[in-house]
Each structure stands twice: as C-alpha cells, then as structure tokens.
Amino acid sequence: MSAALLEIRDLHVVFDAFRAVDGLHLTLLEHEVRFVIGPNGAGKTTLIDAITNLVRPTSGSILFAGEELVGRKEHAIVRAGIGRTFQTPSVFEQLSVLENVDIAATFRLPFRSLLRRRKGISDEVAHALDSVGLAELRDARAGSLSHGQKQWLEVAMVLVQQPRLLLLDEPVAGMTEKERLRTGELVTQIAKQGTTVLVVEHDMDFVRRFAHKVTVMHEGKVLTEGTVAEVQQDDTVREVYLGRPRDARGSAAASA
Amino acid sequence: MNGVARLLASGALKPSGFAVRFALVAAALLLLAPALLSDFRLSLLAKFLCFAIIAIGIGLAWGQGGMLVLGQGLFFGLGGYCMGMHMKLSEAGAGQLPDFMTWSGVEKLPLLWEPFRSAWFAVPAAMLLPMAIAAVLGAAIFRQRVRGAYFAILSQALAAAFVIVLVGNQGLTGGTNGLTNFQSFFGLTVSDPADQRILYFLVVVVLLVVFLATRELVISRYGRLLIAVRDDEDRVRFLGYDPTRVKLVAYVLAAGMAGLAGALFVPVVGIISPALLGIVPSIEMVIWVALGGRTALAWAAAGAVIVNWAKTGISEQFPSGWLYLQGLLFVVVILFLPKGIAGALERLRGLAAGRPVGGRPRVARGAVQASPPKELV
C-alpha cells in the first residue's frame with residue numbers, strides 16, 4: 001500500500017505580510033501515520049487549516065485521492081473523507097455527549113431523514129463513545145465535560161465519520177499523563193484500522209513515544225522528514241527546533 | 001396525524017407530562033375559553049393566537065436557530081395580503097373591482113390580482129409565497145455568511161421595504177389603508193359572533209397543529225443540528241454539513257408560519273395594512289418571543305398571547321401607558337431574564353428543588369474564530 005493519499009504541492013498561505021505556509025511540499029501515503037512537529041509559528045496548524053479550507057490557500061495545490069481540494073467548501077472536503085479536530089476542543093456545549101456524536105455520525109444521511117427523531121443509539125455511535133471512554137457520560141451535557149474529555153469527544157465525533165484522512169491538531173495539549181497515553185493508544189488503534197492520520201503535535205515526549213515518521217516544519221516549509229531517531233539526530237532540526245544544539249534530549253521543545 | 005400519534009405514544013415515556021400539558025392547554029383553548037369569554041374577548045384571543053403562530057416560527061428561527069428575524073412582518077403581511085386579495089375579489093363578484101380600486105381610479109383589475117380570485121391559488125399562496133421569498137432571500141443571505149446583527153438589520157430592512165412598496169402602490173394594494181371592509185370569509189359572515197366563534201376554533205386548531213409539528217422538528221435530529229449551527233456555525237461545516245441549508249429550512253418554515261398567521265388574521269380582525277407589518281410590529285413580534293422564552297417553543301407562543309393580552313388590558317386603563325411598560329419589560333427581560341418567563345420558571349423550579357441557581361445560560365465558545373455575542377444575535 002503505497003498510493004499517495006494526500007499530495008501537497010508548493011502550498012502558500014499568506015496573511016498580509018506574514019507567510020504562514022511558504023512553498024510547502026508534502027506527500028502522505030495511504031495508511032500512514034505522520035507526525036508534524038516544529039517550533040511555534042512554523043505553520044503546522046495553518047497546514048491543517050489549509051487542507052480543510054478553514055483558511056484559503058494563497059496558491060498551490062492539495063490533491064486528495066487525486067482530487068483538488070483547493071477552492072472546495074469546508075463541508076465538501078469533509079464529505080470527501082477528511083476529518084479534523086481543533087486545538088481548542090470545540091464541541092456543541094448545549095447538546096449532550098451522545099447528541100454531539102450522533103449529529104456527526106448522520107452527516108451522510110439524506111436531509112429528509114434528519115427530520116425524524118433519533119431512536120436509540122446506532123452501533124457506530126456506541127462504538128465511538130466506547131473507544132474514547134465516554135460511554136458512561138453519554139447523557140451529560142457536553143459543556144460540563146473537562147478539557148480532556150472534550151478533546152476525546154471531538155475525536156469520537158471525527159471517528160464516527162470514518163474519514164480516510166484524519167487530521168489531529170495537538171490532540172494531547174492540556175491532557176494529563178494518563179490521558180496522553182490513552183490518546184496515543186487511540187491514535188495507534190485508529191491507524192491500524194486503515195485510517196491515514198496526520199498529527200500536529202508540540203509535545204516531544206508524545207511524539208517520541210507514538211510517532212514513526214515525522215515531518216519537521218520551520219517557517220512554513222518542510223525542513224526535513226524521517227523517523228524520530230533520524231530527525232532527532234539532524235543538526236539543523238536541533239538548531240531551529242530546540243534552539244540549543246547541545247541539548248540532545250530535546251526536552252526544551254516540550255515547553256516551547 | 002402521524003406526528004400526534006407518535007407524540008402521544010412517546011409522551012408517556014420520555015417528555016414526562018408533555019402530553020398531559022398539551023391536552024390541558026388544548027382543552028382550555030377549545031372548551032374553557034369559548035365558554036368563559038365574551039364574543040369580543042374571544043375574537044381578541046383569536047387574534048392573539050394568530051400572533052402565537054408567528055411566535056412559534058420566531059422561536060424556531062431565533063430560539064433554536066439563532067437567526068434574529070426582525071422582519072417577520074414581511075411574511076405575515078404577504079400571507080395577509082394573499083388572503084385579503086382573495087376575500088376582496090370574492091366579495092366584489094365576477095367582473096367587479098374591489099371598492100378601494102374604484103376610489104383610486106383603477107378601471108381594470110391588475111394582472112397581479114387575477115389569480116387570487118381562486119381560493120385554490122390564494123390559500124396555498126398565503127403560505128407558499130412567503131416561503132418562496134424567504135427561500136430566495138435566505139439562500140443569498142446565508143450563503144454569503146451574513147449573520148448576527150447584520151442578518152437582523154437586513155431582515156428588518158426587508159420589512160421596511162415591503163411597507164414602502166405597499167404604501168406606494170395605492171391602486172394595487174390599498175396604500176396606507178390596506179385592505180379592509182371585509183364582509184365574508186368562505187361563506188362565514190365576518191361580523192357575525194357565531195361565525196367569529198368558528199374562526200376562533202379554526203385558529204386554535206391550526207395553532208395546535210403548527211405547534212406539534214414544530215416541536216417534532218425541534219426534537220428531531222435536525223433540531224439538534226439547528227442548535228449546533230446556532231452555537232457554532234463554523235464548526236458544523238467541519239462535520240460535513242452545509243449550515244446554509246440547515247438555517248434555510250428553519251427560516252423558510254418560520255416565514256411560512258408567519259404567512260399562515262397573516263392569512264388567518266385577516267378574516268379574524270378584518271384588516272391587513274402596512275401599519276400591521278412594518279418595523280415596529282416586526283420588533284414587537286420578537287419581543288413576544290423574548291418575553292415568553294425564545295428557547296422554549298410553547299412559551300414563545302404563550303409570550304405572544306401574554307404580551308398582547310397585557311397590552312389590551314393596560315391600554316384600556318391607561319391609553320398611553322403600554323408603550324412605556326413594553327419598553328421596560330423588554331429591558332428587564334434582556335437584563336435579568338435572557339430566557340424569558342420560561343427561563344425564570346426553570347430557575348424557580350431549580351431553587352425549589354434545592355439545586356444551585358444556574359444563572360445565565362452558558363454560551364458555547366466559538367471554536368474557529370471569535371464570534372459576536374450570542375446572547376441575542
């Protein structure tokens with residue numbers, strides 16, 4: 001399995017004078033799990049935003065399974081099979097946990113059938129809630145969840161849509177150590193089921209633990225790509241990302 | 001009706017007591033009110049219940065969908081004029097012109113009026129015309145992602161523009177006077193108390209059906225989605241839904257309800273004129289809903305009746321007092337009762353049950369970008 005699922009060519013995203021993404025090339029193969037790291041302002045989140053058209057690319061091309069995404073509407077991109085989460089978890093706080101996942105699950109239903117009431121809980125919804133450990137809280141109002149729980153709820157919402165490509169924006173930000181572990185296992189599990197995953201992450205411990213292939217971004221460009229070990233040995237990476245070439249452990253990055 | 005059967009079946013299980021409460025209100029409207037109220041009061045109530053139908057639509061579009069519809073007078077008026085034109089024509093008889101046209105020097109029936117001779121055209125048009133216009137306007141507005149205060153102002157401008165068109169075409173629309181002097185409505189004599197009673201029952205039945213259907217919609221999956229769009233429209237796009245479509249459905253239905261209310265209003269009250277559907281009446285419609293409780297459909301409808309009942313009662317005692325009181329009420333609601341009477345009752349129930357007071361409703365945070373204040377717009 002080595003067909004390219006996502007091909008980004010010469011992508012530019014310019015805000016006024018600031019080049020958030022500046023001539024980026026990136027290829028994701030089907031069933032791959034890719035971590036994107038880089039210092040603050042490297043353009044990692046902007047990359048996800050550009051793929052999902054939350055920000056409009058200034059120029060360049062984003063091919064998903066051979067189809068151009070640039071210029072398509074947000075919801076059309078989701079329907080093409082790309083799901084995403086947000087850095088600050090955004091769930092519908094007035095709805096229950098179950099309702100949040102349910103409306104995510106029904107996005108492919110014909111509009112007419114949405115006019116009926118939900119009867120019971122579909123298997124996919126139950127499974128998604130189970131896999132993020134929110135099954136017991138399903139009737140709670142989403143607004144009453146903790147920060148970490150909201151992040152999981154968001155993951156459940158995107159999981160239940162069974163995207164071909166899943167974009168996770170800092171999935172463990174603000175999580176406890178235990179929650180991080182669980183999220184890492186979840187990502188691994190999702191990938192095993194055949195979903196291609198792109199994770200933007202800040203937390204180097206997390207990256208070291210769960211990443212295989214890593215892309216390092218710097219100033220809107222890809223600096224280098226490789227395994228975690230390769231990237232950690234790369235001098236330029238250590239220079240731009242860690243700021244302190246002598247510190248090989250890279251713990252400075254976690255607090256960056 | 002399928003919806004009623006389903007509601008009754010599920011009423012015993014989930015919405016504890018809804019079926020009972022609904023039956024009580026229906027009984028009060030269908031049995032108690034006709035028995036207790038004088039003919040005059042009963043036809044006033046019929047008028048207020050027409051307003052309640054508009055309020056249900058506003059509850060759907062604004063309370064559930066977050067679209068502050070400040071121009072429902074436009075759709076109410078369209079429905080009213082459709083019915084009014086038909087009544088005028090059927091009274092005038094074949095080949096004759098409505099009275100006001102003769103006075104305005106119009107000699108030939110304008111082409112626009114011709115189809116309204118047929119009840120088969122006029123009655124559906126009273127609902128479908130407002131819905132069609134709302135669909136065209138809404139699609140343009142929502143696609144451009146116009147929302148919040150901008151949407152509110154735009155919707156209000158539409159009502160204002162409609163008034164200008166009506167006033168400016170004296171011969172076609174009756175101008176400032178509107179359409180009035182109605183004698184009969186489908187064989188009923190408008191001035192006859194017994195026939196007014198029949199009209200009252202018609203309004204009650206329509207109101208109850210509209211309420212049940214709208215409630216069914218609100219608790220459907222679409223209803224959940226509408227709330228999601230209200231609280232974070234941009235987030236909904238990333239679930240693969242087009243918010244334009246979601247909002248459009250609620251907006252168009254609300255317009256249809258306002259049109260239906262207008263069509264009933266004309267035979268009940270005997271007039272439709274620009275003064276009934278301009279900016280001020282349109283704002284008043286929103287006040288009813290704000291006061292009743294915009295997120296609680298039944299209270300939105302009740303708000304229309306309560307406010308108008310109070311308006312009539314107080315105006316009878318203090319002719320100029322109502323306007324001040326209405327302004328005061330609105331300020332109080334905005335400051336202290338963001339969810340209206342429904343919210344106040346909910347809080348009281350919470351206090352009685354010893355739960356901590358919830359205070360203001362939590363407002364969902366915009367995920368994608370900072371959004372305008374969501375309390376009202």
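Does A:Arg138 count as buried or exposed, and how many C-beta neighbours does A:Arg138 have inside 10 Å? With 20 C-beta neighbours inside 10 Å, A:Arg138 counts as buried, because a residue is called buried if 20 or more other C-beta atoms lie within 10 Å of its own, exposed if 12 or fewer, and partly exposed in between, with C-beta atoms placed from the backbone. This is a predicted model, in which local features need pLDDT of at least 70 and side-chain atom pairs count only at pLDDT 80 or more, whereas totals for chains, interfaces and linings use all residues. Residues are numbered from 1 along each chain as its sequence is written, and chains are lettered from A and ligands numbered from 1 in the order in which they are written.

A:Arg138 lies in the loop between helix 5 (123–131) and helix 6 (147–159) of chain A, where helices (H or I, at least four residues) and strands (E, at least two) are DSSP runs numbered from the N terminus. Leaving aside neighbours within four places in sequence, A:Arg138 is in contact with A:Ser96, A:Val97, A:Leu98 and A:Leu129; two residues are in contact if their C-beta atoms, placed from the backbone, lie within 7 Å. The C-alpha atoms of A:Arg138 and A:Glu99 are separated by 8.2 Å, although these residues stand 39 places apart along the chain.

The domain assignment of chain A gives domain 1 (1–81 + 164–256) and domain 2 (91–162), the bounds coming from an automatic or database domain assignment. The C-alpha centres of domain 1 and domain 2 of chain A lie 26 Å apart, and the contact takes 8 residues from domain 1 and 8 residues from domain 2. On the side of domain 1 that touches domain 2, the largest share, 3 residues, comes from helix 7 (residues 177–192) of chain A. By class, that side of domain 1 has 5 nonpolar, 2 polar and 1 charged residues, where Ala, Val, Leu, Ile, Met, Phe, Trp, Tyr, Cys and Pro count as nonpolar, Asp, Glu, Lys and Arg as charged, and the others, Gly among them, as polar. A:Lys192 also lies in helix 7 of chain A, and A:Lys192 is exposed, with 10 other C-beta atoms within 10 Å.

Elsewhere in chain A, 7 of the 8 residues of helix 1 (residues 44–51) are buried, so helix 1 is largely enclosed by the rest of the structure. The buried residues of helix 1 include A:Leu47, A:Ile48 and A:Ile51, together with A:Lys44 and A:Asp49. Helix 1 of chain A is followed by A:Asn53, which is found in the loop between helix 1 and strand 4 (59–64) of chain A. A:Asn53 has a positive phi of about 65° although it is not a glycine, and A:Asn53 is buried, with 22 other C-beta atoms within 10 Å. A:His31 has a positive phi of about 70° although it is not a glycine, and the place of A:His31 is in the loop between strand 2 (18–29) and strand 3 (33–37) of chain A. A:His31 is partly exposed, with 17 other C-beta atoms within 10 Å. As background, most residues other than glycine have a negative phi.

Between the chains, 29 residues of chain A are in contact with 23 residues of chain B. Helix 2 (74–80), helix 3 (97–105) and helix 4 (111–114) of chain A each supply at least two residues of the side of chain A that touches chain B, and by class this side has 12 nonpolar, 8 polar and 9 charged residues.

The secondary structure of chain B comes to 15 helices and 4 strands, and of its 377 residues 45% count as buried. The axes of helix 3 (residues 39–64) and helix 12 (residues 279–292) of chain B come within 9 Å and cross at roughly 70°, axes being lines fitted to C-alpha atoms, for helices over the stretch in contact, with angles running from 0 to 180 degrees between N-to-C directions. That makes helix 3 of chain B roughly perpendicular to helix 12 of chain B, a term that covers angles of 65 to 115 degrees. By class, the contact of helix 3 with helix 12 of chain B has 9 nonpolar, 3 polar and no charged residues.

The largest nonpolar core has 177 residues, and those with the most contacts inside it are A:Ala156 and B:Ala55; a nonpolar core is a set of buried Ala, Val, Leu, Ile, Met, Phe, Trp, Tyr and Cys residues joined through C-beta atoms within 7 Å. Helix 11 (residues 243–269) of chain B gives the most to this core, with 18 residues.

Technical notes. Parallel < 35°, antiparallel > 145°, perpendicular 65-115°, else oblique.
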